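Here is a guided look at one protein model, written to be read beside the coordinates. Please keep the viewer open as you go.

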Amino acid sequence: MQAGQSTTFLMIFAAIVIVLALIWFVLRRRTTTRLRDRYGEEYDRTVERVGGRGKAERNLAQREQRVSQLHLRPLSAAERERFTGEWQEAKTLFVDSPQEAVLRADRLLGTMMAQRGFPVEDFDRRHEDLTVHHAEVANAYRQGHEIADKGADATTEEMRRALNHYEKLFEELVSDGGDGVRLEEVPGLETDDGARESTVLYDSADRKPPPG
């Protein structure tokens with residue numbers, strides 16, 4: 001009798017363990033799917049950078065928790081108008097001085113992010129914070145930043161790509177939570193497929209333009 005009861009208990013216990021394991025597996029899969037859908041390429045990049053899916057998902061969860069505590073706000077109409085004017089000036093400058101145009105774009109985007117409420121002291125932190133709600137444009141920003149870091153070693157074509165990457169973030173920063181701003185095309189800037197496209201701005205505020 002006791003042997004039978006012990007066997008029954010073990011079977012029930014094993015069944016509970018299996019059910020809990022299945023629940024954990026399903027929840028883990030849902031978490032992975034949610035994070036992949038939300039972060040896109042950034043999910044895979046984080047997995048590769050930190051060394052494993054579990055570590056990457058904890059890293060992304062920590063970002064979300066951190067950003068949830070920030071006091072982010074949309075730009076006011078006056079701020080959008082002012083930043084759009086400065087952006088247009090940076091784009092126009094590209095024709096005569098691509099490097100300085102990229103540097104001005106970097107500084108302007110850093111200023112805009114600070115106005116929105118993002119901490120901007122560290123690039124990696126700034127990029128990570130952006131990925132939480134702006135994963136696609138954050139990736140473009142990172143690519144533009146890598147080109148900007150080359151300085152004078154970057155080719156004109158690379159700097160053109162950097163501005164085009166930056167523009168994606170600029171447009172999102174001025175339109176997110178606001179009425180949006182329509183940007184004009186800039187002479188001399190084309191996309192890789194030859195189509196006309198207005199450019200971008202964004203990056204660290206500690207960059208300085210080359211001497212005139």
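Three aromatic pairs are present in this predicted structure, where a pair means rings of Phe, Tyr and Trp (its six-membered ring) with centres within 6.5 Å, called stacked if the planes are under 30 degrees apart, edge-to-face if over 60 and tilted for the rest. Tyr141 and Tyr166 make a tilted pair, because their ring centres are 6.2 Å apart and their planes meet at 40°. Since Tyr141 sits in helix 6 and Tyr166 in helix 7, this pair ties together parts that are 25 residues apart in sequence. Tyr141 counts as buried, at 0% relative accessibility, and Tyr166 is buried with a relative accessible area of 0%. Here buried means under 20% relative accessible area, exposed means over 50%, and partly exposed lies in between (1.4 Å probe, protein chains only). Together with Phe123, Tyr141 and Tyr166 form one aromatic cluster.

A word on conventions: residues are numbered from 1 along each chain as its sequence is written. Because the model is predicted, local features need pLDDT of at least 70 and side-chain atom pairs count only at pLDDT 80 or more, while totals for chains, interfaces and linings use all residues; side-chain values use heavy atoms, with hydrogens and water left out.

Tyr166 also leads us to the core. Along with Met112 and Leu163, Tyr166 is listed among the residues with the most contacts inside the largest nonpolar core, which has 37 residues. Such a core is a set of buried Ala, Val, Leu, Ile, Met, Phe, Trp, Tyr and Cys residues joined through side-chain atoms within 4.5 Å. Two or more residues of this core come from each of helix 1 (2-39), helix 3 (53-68), helix 4 (77-93), helix 5 (98-116), helix 6 (123-148) and helix 7 (156-175).

How many helices and strands does the protein chain have? There are seven helices and zero strands, taken as DSSP runs (H or I, at least four residues, for helices; E, at least two, for strands) numbered from the N terminus. Of the chain's 212 residues, 41% count as buried. Among contacts (heavy atoms within 4.5 Å) between residues at least 6 apart in sequence, 71% join residues at least 24 apart.

Now for the charges. The count comes to 18 salt bridges, each a side-chain nitrogen of Lys or Arg within 4 Å of a carboxyl oxygen of Asp or Glu. Three of them are set out here.

| Salt bridge | N to O distance |
|---|---|
| Arg34 and Glu64 | 3.3 Å |
| Arg38 and Glu64 | 3.3 Å |
| Glu42 and Arg45 | 3.0 Å |

Glu64 counts as buried at 17% relative accessibility. The Arg38 and Glu64 pair links helix 1 with helix 3, 26 residues apart. Glu42 and Arg45 are three residues apart in helix 2 (residues 41-50), so about one helical turn separates them. Glu42 is buried at 3% relative accessible area, whereas Arg45 is partly exposed at 25%. Salt bridges with shared partners join Glu42, Arg45, Arg49, Arg63, Arg66, Arg125, Glu128 and Asp129 into one network.
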